[in-house]
Amino acid sequence: MADINKFIEEIGNMTVLELNELVKALEEKFGVSAAAPVAVAAAPAAAAAAPAAEEKTEFNVVLKDVGAKKIDVIKVVRAFSGLGLVEAKAAVEKGGVLKENAPKEEAEKIVADLKAAGATAVLE
């Protein structure tokens with residue numbers, strides 16, 4: 001059993017290229033295909049790189065400038081937020097984040113609606 005544990009430890013210390021060579025050698029030696037185990041063996045390396053390449057899915061809608069049509073902007077804010085007139089007016093006058101952690105499609109629609117109303121808004 002000690003030999004198996006030692007072998008597993010050796011595999012754990014191998015680079016992805018070395019693991020690839022090992023798999024190819026085992027496939028040739030035993031005449032099998034190890035497509036699924038290769039994906040599993042490469043998964044930790046892929047998982048380590050995933051956070052950097054992961055696409056952002058939630059955005060904050062930030063109001064930068066109200067523009068000339070403040071009433072239209074308030075109407076848009078009321079439509080997507082469900083706030084009352086006074087609360088929506090206060091949010092527009094304050095500026096900043098109007099919607100937090102919105103899905104990408106929803107956030108893009110809100111920004112488009114705000115821009116159509118004359119405001120300057122961005123996704124963060």
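How many residues does helix H2 have, and how far does H2 reach from its first C-alpha to its last? Helix H2, residues 16-30, has 15 residues and reaches 21 Å between those two atoms. This span is close to the 21 Å expected at 1.5 Å a residue, where the expected span of a helix is 1.5 Å times one less than its number of residues.

## Basis of the model

This is a predicted model, in which local features need pLDDT of at least 70 and side-chain atom pairs count only at pLDDT 80 or more, while totals for chains, interfaces and linings use all residues. Residues are numbered from 1 along each chain as its sequence is written, and side-chain values use heavy atoms, with hydrogens and water left out.

## Overall composition

The protein chain contains six helices and three strands. Helices (H or I, at least four residues) and strands (E, at least two) are DSSP runs, numbered from the N terminus. Along the sequence, these elements follow the pattern α-α-α-β-α-α-β-α-β.

The protein chain has 124 residues, of which 21% count as buried. Here, buried means under 20% relative accessible area, exposed means over 50%, and partly exposed lies in between (1.4 Å probe, protein chains only).

Gly 31 follows helix H2, and its phi is positive, near 65°. Leu 26 has its place in H2 and is partly exposed, with a relative accessible area of 40%.

Together with Phe 30 and Val 32, Leu 26 makes a nonpolar surface patch of about 300 Å². Patches are made of residues with over 30% relative accessible area and no salt bridge; like charges are joined within 9 Å, and nonpolar side chains (Val, Leu, Ile, Met, Phe, Trp, Tyr) within 5 Å. The accessible areas come from the Shrake-Rupley method with a 1.4 Å probe, and for residues only the protein chains shown count as cover.

## The sheet

Strands of a sheet pair through backbone hydrogen bonds, either parallel or antiparallel. In this model, three strands form an open sheet in the order E2-E1-E3, with antiparallel pairing. Two strands pair if DSSP finds at least two bridges between them. Strand E2 (96-103) and strand E3 (120-123) stand at the edges with a single partner strand each, so one side of each has no neighbour in the sheet. Neighbouring strands are turned by 20° against each other on average, direction ignored; the axes are lines fitted to C-alpha atoms, for helices over the stretch in contact, and angles run from 0 to 180 degrees between N-to-C directions.

Strand E1, residues 58-65, pairs with E3 in the antiparallel sense over four bridges. Val 61 stands opposite Leu 123, which belongs to E3. Val 97 is found in strand E2 and is partly exposed at a relative accessible area of 41%. Val 97 and Leu 63 are 34 residues apart in sequence, yet their C-alpha atoms are 6.3 Å apart in space.

## Salt bridges

Side chains of opposite charge can pair when their charged atoms come close. A salt bridge is a side-chain nitrogen of Lys or Arg within 4 Å of a carboxyl oxygen of Asp or Glu, and by this rule the count comes to five. One of them joins the side chains of Lys 70 and Glu 93, at 2.7 Å from N to O. Lys 70 lies in helix H4 (residues 70-81) and Glu 93 in helix H5 (residues 85-94), so this pair ties together parts that are 23 residues apart in sequence. Lys 70 is partly exposed at 32% relative accessible area, and Glu 93 is also partly exposed, at 46%.

Glu 93 forms a further salt bridge with Lys 89, the closest N and O atoms being 2.8 Å apart. Glu 93 and Lys 89 are four residues apart in helix H5 and are therefore separated by about one helical turn. Lys 89 is partly exposed, at 39%. Another salt bridge links Glu 106 and Lys 99, with closest N and O atoms 3.2 Å apart. Glu 106 is partly exposed at 33% relative accessibility, and Lys 99 is partly exposed at 23%. Through shared partners, salt bridges join Lys 70, Lys 89 and Glu 93 into one network.

Asp 72 is found in helix H4 and is partly exposed, with a relative accessible area of 31%.
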